[in-house]
Structure formats: C-alpha cells, structure tokens
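Let's walk through this structure together, one feature at a time. Keep the sequence and the 3D view open as you read.

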Amino acid sequence: MSAHAEVLHDHHGPPEANQSSRVDARTLGMLLFIGSEIMLFGSFFAAYFFVRVVNPSAPAEWPPEPYHFPVFVAGVNTAILVTSSFTMHWALQSIKRGQRAGFLAGMVLTFVMGLAFLTTQVVEYLNVGFNTGDGAFASVFFGLTGLHGAHVAVGLSLLLMVIIRGSRGHFSPEHHHGVELPGIYWHFVDVMWIVVYATVYLL
Amino acid sequence: MTVSHSDTPHAEYPPHFEPPHGSTWKFFFGPGLVRGGWMAGVGFVLGTLLVLALRRWWGWEPYWLTEVILVVGGMVATPIGFLGGIGAFDYWLHYISGRPTRPEDHSGHGARTWRDYFRVNTDHKVIGVQYLVTTFVFFTIGGLMAMFFRAELAQPGLQFVDSQTFNGLVSMHATLMIFLFIIPAFAGLANFAVPLMLGAPDMAFPRLNALSFWLLPIAGVMFLASFIAPGGAFGAGWTGYAPLAEGQPLGQTFFNMGVQWAGASSILTALNFLVTIITMRAPGMTFWRMPLLVWANFTTSLLVVIATPFIAGSQFFVMFDRIMHTSFFTPEGGGYVLGYQHIFWFYSHPAVYIMMLPGFGIVSEVISSMSRKPIFGYRLMALSLMGILVLGFSVWAHHMFVAGMADWLRVPMMITTLLIAIPTGIKVFSWTATLWRGRIHLNTPMLFALGFLTMFVIGGLSGIYLGSVPIDIAASDTYFIVAHIHYVLFGGSVFTIFAGIYYWFPKMTGRMYNERLGKWHFWLTFVSFNATFFPMHYVGLRGMPRRVFDYDSAFGDLNFVISIASFVLGASFIVFVYNMITSWANGPIADANPWRAHTLEWQVSSPPPIFNFDEIPQVVGGPYEYGVPGARHAVMSPAKEAEEVHA
C-alpha cells in the first residue's frame, strides 16, 4: 500500500530485503486486513443470530408487525453494487493493457454506482419506518447494514483516491498496485453486501 | 569481540531533517507534538460541529447531547486530528493528493537524538523502544492503582474510597495491564527483535508500524481520562459485561472507545508482523529455521487478526445500546443478554494466548542460550504453538459455566479447555528438557525465565481446576480466580516481559544493565509476588468474592498480609526502573553478543546499525545449535562484528 515500487538505493539506504514469498507484501497485507474485516462482520452476524435465533424471546414473525424491510429497493441497490464490481474489474484490466480512457471511465462509473448505493441506503434509513430504538430487530438491522455502509464509505474514499491519482497521470501497465488493492477491497465490500442482503432482507 | 559505543552508529546516520524549532512556522506547522496538540483541538471542534449540524438537520432535540459529542468529537475526531498533527498521515495524504511520489529519503527513520523518540518514526527499533517505554509508563500507573485498592482491602469495611471509585480502580487496573501493558509490551519486544531475527532491514510496512504505535497512547489516555468524567471511571470490570455496563455512568463510554483504539493498534501491528514474517525472511530462513520468538509472534499475530475484531464488535454494541438506544443486549427491547459474553469471550479467551504465546517465544530464546543447549523438540515447540492457536478458539464458553448458557455447551468446552494442557505441557516439558544437563548461566534473564516456568506451572494447574465444570461452579468469581489469572499473567507474562527486557537490553541500548540490581529485582519480585497471590487461592476457596470492596472480617488477617506483600511487590519495581534508567544513561558498554547467542540480532553491533544489516545474511542452519560442532545459523557477509564473534 504505502511502500513505493522503486525504492531509491542511495548510499545510505537499507539493503534490499529478501523476497521470501511469491505473494506480494501489499496484496498479502490487504488480504489479511480483509480477513480481519470478515471477523468484524462475523461479530455483527453473531449478534444478529443471537437476537433472532438463540434468543428465547425472539419474535415469531421477522420483522415483527407492523414493520417491513424494503426488500425490493435493497434488491435494486444490490444489483447496482454488483455491477460496480464488474466496472471495477474493467478499470483494472484497462490499466493493465495501458488503456487510460477505459481505466478512468471504469473508475468513475464504479465510484458513481457506489455513491448511488450509499445514497439509496441513507434514503432507505429515512423512510424505513422504524428507528434504532424500536427493538432488537432494528438494532441488528441497522447494525449490519450500517457496518456495511461504513465500509462502502471507506471503499468510496479509496476509489476517489485512485481517480485523483489516475486523472493526474499515475498508474501504468507496470505500476497498478494502487488500483489493484482498492479493487480487492471493493470486491470484498461487494461480496459482503450479498451476504448481508441475503441474511437481513431475504432470510 | 568488538566493543561498540552506543553513540558510534549514530555518527554514520544520514543527515537529518532540521529540528522542528528551527523556525516559528515549523514549530507550529511542522509534523510533531505541537501540531498534534492543536490539531487535536481542531479535530474536536470539527467533530462537535458535525454532530450539531447533523442533529439540527434531522431536527433531533436536544442538539447538544454530551455523550454523543464526546464519542464523535472527543474520541474519534480528536485522536484523528492528533494523528494528523504528529504527521502519521503525511505520506498518505501526499499520495492521495496525486502529486509525484517522493523518493524515500529515510529522514523519518532511526533515532539520532532523544527527540526522535517523540515523533512518528519508521524504524522498527525505535518503535520497539517507544512501545516499551510507553507500556511501562502505563504499567506503573496500573500498578499504583493496584496498591491503592490493596490499601483499601487491607481491612474490611470502607477506608479510603467509595464503592464506585473502588470498582473504577479495579477495572482500570485490569484494563491498563491488559490493553496497555502486556499485549503492547510484547508487540514492542517483537517489533525490536523480529525483523532483526529474520534478517530483514525493517518491517514490511514501516509507516503503518509507526501509526500502530501512536494509536496506543491514545487508547491509554482515553481510559485514564474517564476518571474526570462525571460519575467516575468505568466500573464494570475490564470485561464490561452488558447489561451492567449499559447502566453505568459516562465513564463506560471511554472504555468502549479506548478498546477500539487499542484493538486497531494490535490488529495493524499483527498484520505487519505476518506480512514481514511471510515475505521478508532472509535467504535460507525457512519456517523450520525461524527462532521460536518469531514462531510465537506468527501465531500470536494470527490470533490477533482473527479474534480482536470480536471485542471491537462487542464494545460497539454496548456503545450503540448506550447512545443510540438499540437493544442488542437489553432484554426489554428483545435483545439477547448472554450474546455479549459469547462475543466478548470469543475474543478474550484467545486474548489470554495473545498475552502468553510471545512470552513462550522469549523464554525459549533465553532458556536455550543460557543453558547452552539446542532447544528440546524445536519442531514440536512450534507446532504446539499452532495447536494452542487452533484450540484457543474452541474454549471461550468456559468463562460462562455459571452464566446460564446452554447446558450442552459445558462439557465440550470443558474437554477442549483441558486439551490445551497438552500443547502447553509439551512446551513446559521441552523447556525442562532443554535445561537438563545444560551449562546453566543464572543471570537475570534466565532467573526470570525460570521464575516464569515455575509460576506458570502453578497458574496452569489452577487453570485445569477451573476448567472443570464442578470446581468452576464453586470457585467462580472468588479470589481463586484472581490468584489464577495473576499466576498466569504476572508469574507468566510479566516475568517473560522482564526476561525479554533484560535479555535484549544490551542490544537495544548498547549498554549493560547492572546484574546485581537485576538479581535483587528478581528475588524481591519473586518472593513478594508469591506472598501476594498465593494466599488468594486460600481466601478464594474459603469463599471471598472478587471485585467487592468489602469482605467478611474472617479474611481480615490474610488480606492484611496480602496488602503488605503487594506493597513490597510495588517497591521491587523501583529497583527495576532505577536499574534501567541508570544503566541506559551510563552503564558499561555492552558487547555485540554478550550471551553468545546464535540468532541474527546478536550478530550485528549493539545497538544495531540504522538499517540492521549492511547486506542481508545467508541463513544456513537452525537458530539454537549450541554446542554442536561446526554448526552455524547464518553467514554474515561484511559485518565485521559478526566475523569477530564467530572467530
């Protein structure tokens, strides 16, 4: 992430570290971070199933009357987010082939779709008809979707970073780690949403 | 052997960027603690304004809600402002702005003066020392609190404090010792030693490493700041059980958020260790040639990365319940109370191995080199660490035998708990077998290692008692538990931290500690430790409950003895601090390899050169081949100190 690809070796510099694994350090770091993030989501899923399944006083109907989850709107939102994963992939493939226009178009499209997802979620929160204080079902609903929304926000700032640097002429077929790593994160956010959507809205 | 002066390597350092007080502008706007101070204030104002604006926008009355302002403005925006101020984000902000990447000039690497220890520094050796000094500051504060409530407990009844303050002191003591001392002190020792042991010039992500360190004092200050909150410090114990924690005064929020910063610090460090160990080993350093300290930190880091998010989650839920009126754990809203304990212990049981495995690594280094024998059963030592890692995730509910959880969960959790005695036993027997017929050098690190071995066996045995359901039901929440965890965490972890500090002190400072004072420190600590905590087994089994400010007068005499012993234990720490400070300032110059150890950190000068190695060494054998004719761990190319050591 942070290390620059070509470290200058002047007289005072450190010796070149031995690369003892085929895995790139930055990619491995991102994957481990995502592993940790999956566990964070795991704790939220644990809370979700404690409240809904293990809890002896769990309501028979989910969500309890008179509340409803906006399954259709969230479904459209899911489609938007899944599509943005493909445009992200397209952007990465473009910069690998040196096609700057496709790369930037892909990045901007991904960002716009991510932003649309997040906006829809905020609007959904405002119109969902219940608030955080309306019982445990609302706690776990806002907990899981809110945690995911925070991750979308982080992903969006990473994408914005790629767009800023990309529009200033950075990245090339040789140097595209700065695109690849936010891309991995974005795919993670995307796949995690599918799990969250299936659990919270469909199950 | 070469005698290297602690100041000599500094002379070879590349030119430094100017000190921040070169000009007034730089003093206020250059990265450093001054900018950190005012940017923390700016962060607080911005965070507060954000909350007020959002609440106004949605029309939530009242706009000013102290606990929300405190969380967003005080505990999120202020630390971020501080981090930005000291310059932890400078490189990344430059990168994000899209300007051309600056070539690394290593100006933020290494310490030339003491001031360099107070800024964002990317050198793992500096960060290691930063960690250790910071953690010992919090160790001192936590220890003083312990003596304060031991004074209260010297007699039955209330003497000095009220009950809520007592609860606050006990909770703070445990919280500081766990999150601000044991876990990060191990991270500090490993930060210093692991890259050197691997033959790497630094950690994989040096800037991330610097950031992880600076998250730590933030957490510590946040915990301590809860004392000035209305209602006093958090008093629901370091476990912060819900729903008890949800009815607590404001101070509890400091715990909820402080844990997040400490947890982020450990996760980022652990991630850094894992990447370093996997991708930056010297040529020839296979996994089966790694020193056991590296193995220990590899497994510990896996535990941290996997488990720590669960305590983050548990504290988020409690905070949401407190300030957002959710009902994760409140039964009135349909929440599931026991969920907190399950989620909390799913982290906090692995956390006891996070607090123990690095100590196993330190002790393996010390016992092997001080007995002048190869470590017994090297591969099994490494595999048993992995065994503890896997089993550690399957035992959390043994903390909940009396909590009213599902009955069927008890026996499986009891069996897995008792199974952990197998890999732990392998380690204890291997250390003992390493000692067998060794040429034992009874110096201070070795004394602490042996002290660990004996005390940890006692703590492990009482752990086996507590792991079995019937005994646990009787002994739960008594002083027997307090005795057990102090035998494991003090007699275990803290003794290994002392062993590690004394062992690497000459390498860190280039000077030798005072051996006589070191031995005084050990014997004073060892005797007063046992005098303090061994009687707790007895009063616990007699039925004295833990975490209560008052007790039956029948326990009065023993508690008086315990309190006196605990003051001696506190006094023994003064010997250590005096030894460290005077030896660091003007102790005798240390050899590059005073212990004649084989691992790589001892093959470079003391303190090590700024980039550790002139050339990355070639590893050719195991790290503990003491007394094996012709055996070598590594070939150091041009480093002259190493040639002379081996000659």
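Among the contacts in chain B between residues at least 6 apart in sequence, 81% join residues at least 24 apart. Two residues count as being in contact if their C-beta atoms, placed from the backbone, lie within 7 Å. Before going on, a word on what you're looking at: this is a predicted model, where local features need pLDDT of at least 70 and side-chain atom pairs count only at pLDDT 80 or more, while totals for chains, interfaces and linings use all residues. Residues are numbered from 1 along each chain as its sequence is written, and chains are lettered from A and ligands numbered from 1 in the order in which they are written.

Now for the overall build of chain B. It comes to 21 helices and 2 strands; these are DSSP runs (H or I of at least four residues for helices, E of at least two for strands), numbered from the N terminus. The radius of gyration of chain B is 25 Å, close to the 26 Å that the globule rule gives for 647 residues, so chain B is as compact as a globular protein of that length. That radius is taken over C-alpha atoms, and the rule is 2.2 Å times the number of residues to the power 0.38. Taken along the principal axes, the C-alpha atoms of chain B fill a box of roughly 75 × 60 × 45 Å.

What about the inside? Of the 647 residues of chain B, 56% count as buried. Buried means that 20 or more other C-beta atoms lie within 10 Å of a residue's own, exposed means 12 or fewer, and partly exposed is in between, with C-beta atoms placed from the backbone. The largest nonpolar core has 247 residues, and those touching the most other members are I182(B), W214(B), A219(B), L274(B), A449(B) and A499(B). Such a core is a set of buried Ala, Val, Leu, Ile, Met, Phe, Trp, Tyr and Cys residues joined through C-beta atoms within 7 Å. Helix α7 (residues 163-198) of chain B gives the most to this core, with 23 residues.

Next, look at where the chains meet. The contact takes 53 residues from chain B and 47 residues from chain A. On the side of chain B that touches chain A, α10(B) gives the most, with 9 residues.

Helix α4 (residues 66-86) of chain B bends by about 30 degrees at A77(B), and the proline P79(B) follows within four residues. The bend is the angle between axes fitted to the seven residues ending at a residue and the seven starting there. Just after α4(B), G87(B) takes a positive phi of about 95 degrees.

You'll find cis peptide bonds as well: E65(A) to P66(A), with omega near 0 degrees, and E61(B) to P62(B), with omega near -10 degrees. P62(B) lies in the loop between α3 (33-58) and α4 of chain B.

Finally, R437(B) has a positive phi of about 60 degrees although it is not a glycine. R437(B) is exposed, with 9 other C-beta atoms within 10 Å. N612(B), also not a glycine, has a positive phi near 70 degrees, but N612(B) is buried, with 25 other C-beta atoms within 10 Å.
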